[in-house]
Amino acid sequence: MALDFQWCFVAILLILPLLYELSSTFRYYAKMSLYVVIVNIAAVFVIILSLWRPYDVENYRYVVMLIREVRHLFGIEIEVRGAEHLDEDGSCVVVANHQTSLDFLGMMEIWPSRCAALAKRSLQYMLPFGLAATLTGTVFVDRGNRERSAGTMSDTAATIKQKKVKVFIFPEGTRNRDGSMKPFKKGAFYLAVQAQVPILPVVFSSYNDFYNKKERRFETGKLVITCMPKILTTGLTEEDVPALTDRVREQMLQVFNQMCAEVRLAKGTNGSR
């Protein structure tokens with residue numbers, strides 16, 4: 001019986017690498033499972049390191065330290081353009097397009113100083129990730145309760161001004177996998193106008209060249225992140241928010257489409273050699 005078990009174990013060890021090489025679907029699930037495990041192990045360490053200074057945005061440095069190099073494990077190259085815009089001191093609202101959970105790797109590559117994320121409240125209950133996020137000063141918004149959400153945003157606007165922090169928000173509200181950008185929700189822009197701080201748009205290029213959840217495909221590839229110049233909100237009021245939202249989305253979509261065209265051109269050039 002013990003010998004049979006040993007042979008089965010050896011057979012599994014031999015089959016798994018073969019499946020990884022031959023099946024893109026198996027490779028997708030193997031990589032995503034590893035990614036989830038790594039993120040949650042990192043969350044445990046972040047919890048431990050953050051306990052002596054809970055709820056402080058400075059704790060995000062532990063997240064950056066633990067996650068930033070993970071991309072190399074998955075063969076993801078990241079090119080950052082316009083990084084100088086992130087280095088500027090002062091408060092702002094960072095808005096970025098959202099495509100996949102892998103955005104987390106890109107976020108940690110460019111994470112600015114004294115920055116907190118804004119996330120949906122349901123993530124707070126996903127342990128250990130949720131507890132780690134709480135201890136790093138993440139702002140959780142209850143989307144199902146408009147009054148409570150408005151109160152949270154008002155408190156956040158006051159914190160931005162008083163503590164000189166940045167806030168990172170995905171204005172689409174959810175992941176977008178259709179190769180474009182969904183309409184932006186206005187919360188991030190109301191927040192920026194209320195706090196009278198600039199908006200800093202960040203655009204993640206399409207992952208489709210190396211990652212696609214529907215196709216169960218996760219290969220090696222390159223992600224380009226473009227940090228755009230800040231857009232001032234000084235003097236703007238709530239009445240200006242709809243136009244501001246549309247203008248920022250249009251500018252980000254234009255950059256996104258340009259980067260997609262670059263990828264197609266580079267792929268075509270490499271393929272013709």
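Which residues does the UniProt annotation "transmembrane region" cover? Select residues 33-52: that is the stretch named in the unreviewed entry. UniProt positions follow the numbering used here, feature names are shortened, and such annotations may be inferred rather than shown by experiment.

Before going on, note that this is a predicted model, where local features need pLDDT of at least 70, side-chain atom pairs count only at pLDDT 80 or more, and totals for chains, interfaces and linings use all residues. Residues are numbered from 1 along each chain as its sequence is written, and side-chain values use heavy atoms, with hydrogens and water left out.

**Stop 1: residues 33-52**

Color this stretch by secondary structure. The chain here is 90% helix and 0% strand. Its end C-alpha atoms lie 31 Å apart. Helices (H or I, at least four residues) and strands (E, at least two) are DSSP runs, numbered from the N terminus.

**Stop 2: Tyr55**

Move on to the loop between α2 (24-50) and α3, where Tyr55 sits. Tyr55 has a positive phi of about 65°, yet is not a glycine. Most residues other than glycine have a negative phi. Tyr55 is exposed, with a relative accessible area of 58%. Exposed means over 50% relative accessible area, buried under 20%, and partly exposed in between (1.4 Å probe, protein chains only).

**Stop 3: α3 and α5**

Now select residues 60-67 (α3) and 103-110 (α5). Their axes come within 9 Å and cross at roughly 115°. Axes are lines fitted to C-alpha atoms, for helices over the stretch in contact, with angles from 0 to 180 degrees between N-to-C directions. The two helices, α3 and α5, are therefore roughly perpendicular (65 to 115 degrees).

Show side chains. Val63, Val64 and Ile67 of α3 meet Phe104, Leu105 and Met108 of α5 (contact means heavy atoms within 4.5 Å). The residues of this contact are six nonpolar, no polar and no charged. Ala, Val, Leu, Ile, Met, Phe, Trp, Tyr, Cys and Pro count as nonpolar, Asp, Glu, Lys and Arg as charged, and the others, Gly among them, as polar.

Stay on α5. Eight of its eight residues are buried, so α5 is largely enclosed by the rest of the structure. Among them are Asp103 and Glu109.

**Stop 4: Pro128**

Go to the loop between β3 (115-120) and α6 (129-135), which holds Pro128. The peptide bond from Leu127 to Pro128 is cis, with omega near 5°. Most peptide bonds are trans.

**Stop 5: Lys164**

Finish at the loop between α7 (146-163) and β5 (166-169), where Lys164 is found. Lys164 has a positive phi of about 55° and is not a glycine. Lys164 is exposed, at 53% relative accessible area.

Terms used
Angles under 35 degrees count as roughly parallel, over 145 as roughly antiparallel, 65 to 115 as roughly perpendicular and the rest as oblique.
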